[in-house]
Amino acid sequence: MLSFDKDPKIAEQQMHAIIFSLAAFGYIDGDFASSERDYIRDYVEELVRQRARDAVGDDLSAHGATIEKW
């Protein structure tokens, strides 16, 4: 799994770059299939959870609303 910069602004830029790249590759054949969208959504969700674990530790139960917002 990727690790993001500790600076939140830089980490956000890194996340934007990942999302842009995934979307570009998903649409490269001219058809952005629902399976590709699902993959990108699931992958980004896992990246957000990993970022949360890096920030607050392994117990994310108290931070569910914040994670969903991210």
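## Tyrosines of helix α2

Helix α2 spans residues 34-56 and contains both Tyr39 and Tyr43, which are four residues apart, or about one turn of the helix. The model described here is predicted.

## Aromatic pairs

How many aromatic pairs does the model hold? The count comes to two. In one of them, the ring centres of Tyr27 and Phe32 are 6.5 Å apart; the planes meet at 85°, and the pair is therefore edge-to-face, since an angle over 60 degrees places a pair in that class.

The rings of Tyr39 and Tyr43 also pair, with centres 5.9 Å apart. Their planes lie at 15°, so this pair is stacked, the class for planes under 30 degrees apart.

Burial would require a value under 20%.

## The largest nonpolar core

Eight residues form the largest nonpolar core: Phe4, Ala11, Met15, Ile18, Ile40, Val44, Leu47 and Val48. Helices α1 (8-26) and α2 each contribute at least two residues to this core. Which helix gives the most? Helix α2 does, with four residues. In soluble globular proteins, nonpolar side chains tend to be buried together.

## Contacts of Ile18

Ile18 is one of the core residues. When neighbours within four places in sequence are left aside, Ile18 is in contact with Leu2, Phe4, Tyr43 and Leu47. Among these partners, Phe4 and Leu47 belong to the core, and Tyr43 belongs to the stacked pair with Tyr39.

Terms used:
Residues numbered from 1 in each chain as written. Predicted model: local features only at pLDDT ≥ 70, side-chain atom pairs only at ≥ 80, totals over all residues. Heavy atoms only, no water. Phe/Tyr/Trp six-rings, centres within 6.5 Å; stacked < 30°, edge-to-face > 60°. Core = buried A, V, L, I, M, F, W, Y, C linked by side-chain atoms within 4.5 Å. Buried < 20%, exposed > 50% of the residue type's maximum accessible area, 1.4 Å probe, protein only. Contact = heavy atoms within 4.5 Å.
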